[in-house]
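Subject: Structure handover

Hello,

Here is the structure for your files.

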Amino acid sequence: MKVLIQAGKVYSQGSLTTMDILIEGGKIQALGQHLIDQDEVDQVIDASGCLVTPGLIDIHVHYREPGFEDKETIASGSRAAARGGFTSVCTMANTNPVPDTPEKLSQLIQKNQSDGEVKIHQYAPITKDLTSDQVVDIPAMKEEGAFALSNDGHGVQSAATMYQAMLAAKEQGLAICAHLEDRSLFNNGVINAGKAAERLELPGILSVAESSQLARDIELARATGVHYHVCHVSTAASLNLIRQAKLDGVNITCEVAPHHLLFHDGNILKDDANYKMNPPLRNSSDQEALVQALNDGTIDLIATDHAPHTEEEKSQGFLKSPFGIVGSETAFMSLYTLLVKRGKLSLERLIALMTDQPRQLFHLETAGTIWPGQAADISIFNLDRPYQVKASDYASKSSNSPLNNTSLYGKTEYCLVNGKVVYQAEGGNSNE
């Protein structure tokens with residue numbers, strides 16, 4: 001099948017150029033002007049006035065299956081990804097059962113492939129059941145196709161356990177992706193320790209619960225040489241540690257979630273658990289430091305930490321509701337609207353943080369990049385027309401987000417995986 005994407009502003013090789021894209025056999029065949037007559041192709045997509053990017057890459061999502069299908073499934077989560085312009089995602093291991101044996105991991109990878117609308121890569125846990133000190137069989141996990149190792153949702157409490165895991169991961173060429181949480185400093189908190197916690201009379205989570213464990217892990221990564229990746233960094237103190245570690249030559253990378261860039265704990269005006277996530281929204285100076293770190297290169301990429309929960313669960317307030325919000329469908333829109341349009345980040349940098357950077361750092365050879373011969377994983381966004389975010393419109397099974405009822409720009413018009421349209425907005429201009 002031949003597909004022609006016409007007249008879009010195309011992001012390729014770090015720059016934006018208005019041109020056409022010819023797709024055949026699931027791959028990009030050519031870029032340029034007047035590539036082929038329309039009557040010689042099977043489908044024409046009019047992208048005039050729109051932004052065309054490589055399919056976005058999200059290395060941090062939660063699809064909840066098996067065990068928590070009322071929140072999300074592989075099918076619904078991948079549809080949500082496509083609706084947000086993501087063509088490659090990496091899903092965490094906090095399911096029930098945890099895929100902590102080669103057999104369970106293999107079964108889940110097969111399920112991802114059969115049910116997914118987009119390309120899904122699977123994390124293996126660092127330890128058995130995510131919480132023990134028994135490191136999983138890392139060579140066997142690599143053999144079954146594990147993308148990387150993470151206990152996301154749980155910090156590895158034992159330094160000896162983390163050291164052992166890093167040695168094995170280094171040997172297998174796998175990254176350790178760390179959720180940083182020293183439980184002895186967590187204090188059963190539900191919100192950042194600060195003025196909002198005091199005003200709402202809620203137990204606070206100390207910021208050093210993140211940065212102290214990071215400091216430990218940096219030294220372990222320095223000693224082992226493993227690729228050590230920091231999940232959802234949230235504090236200025238953590239950024240300072242990462243910045244220095246990079247200068248020292250430690251093999252360290254980090255991600256930031258959109259919600260930590262867009263909100264701080266001063267935005268929490270009432271007991272609304274759509275603002276409850278882990279790590280929590282920090283203070284305004286932390287938020288400003290995170291945005292600055294996007295521009296100076298300290299932060300390597302953006303990942304959503306898409307964490308769906310049911311409406312019933314998230315209606316219980318901060319004390320009883322689970323941590324986490326959805327992010328797949330609003331990530332690009334919210335970041336474009338609230339950072340790029342406000343002059344805090346260039347459009348090219350935003351796209352790089354969501355495409356080029358994760359692809360290169362995690363060696364995602366099957367992820368899209370717009371160049372002849374590459375897989376036709378492509379997303380098209382409308383930057384000019386506002387879109388009202390509604391809880392009823394999500395492709396995800398859940399809608400737990402503080403962005404509901406806000407107006408955003410940059411809605412996805414099309415998402416293609418291997419040249420096949422997996423999402424098309426209503427009214428999208430396509431001729432077949």
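Predicted model: local features only at pLDDT ≥ 70, side-chain atom pairs only at ≥ 80, totals over all residues.

Three strands form an open sheet in the order β6-β7-β8, and their pairing is parallel. At the edges are β6, residues 56-61, and β8, residues 119-122, each of which pairs on one side only. From one strand to the next, the twist averages 20°. Between β6 and β7 (residues 86-91), which run parallel, there are four bridges. Within this pair, I57 is found opposite S88 of β7. A helix also packs on the sheet: α2, residues 102-115, touches β7 and β8. The direction of α2 makes about 170° with that of β8.

The annotated residue

Under "active site", an unreviewed UniProt entry lists D305. In the model, D305 lies in the loop that connects β14 (301-302) to α10 (311-314). Is D305 buried or exposed? The relative accessible area of D305 is 8%, so the residue counts as buried, the cut-off being under 20%.

Leaving aside residues up to four places away in sequence, D305 touches H60, H62, D152, H232, H259, N278 and I325. One of these, H62, also has a polar contact with D305: the two side chains are joined at 3.0 Å.

If you set up calculations on this model, the "active site" label on D305 comes from the UniProt record, while the 8% relative accessible area is a computed value.

Regards

How values were computed. Residues numbered from 1 in each chain as written. Heavy atoms only, no water. Pairing = 2+ DSSP bridges. Helix = DSSP H or I, 4+ residues; strand = E, 2+ residues; numbered from the N terminus. Axes fitted to C-alpha atoms, helices over the stretch in contact; angles between N-to-C directions. Contact = heavy atoms within 4.5 Å. UniProt positions renumbered as here; feature names shortened; annotations may be inferred. Buried < 20%, exposed > 50% of the residue type's maximum accessible area, 1.4 Å probe, protein only. Polar contact = N/O pair within 3.5 Å; in protein donor to acceptor, adjacent residues only side chain to side chain.
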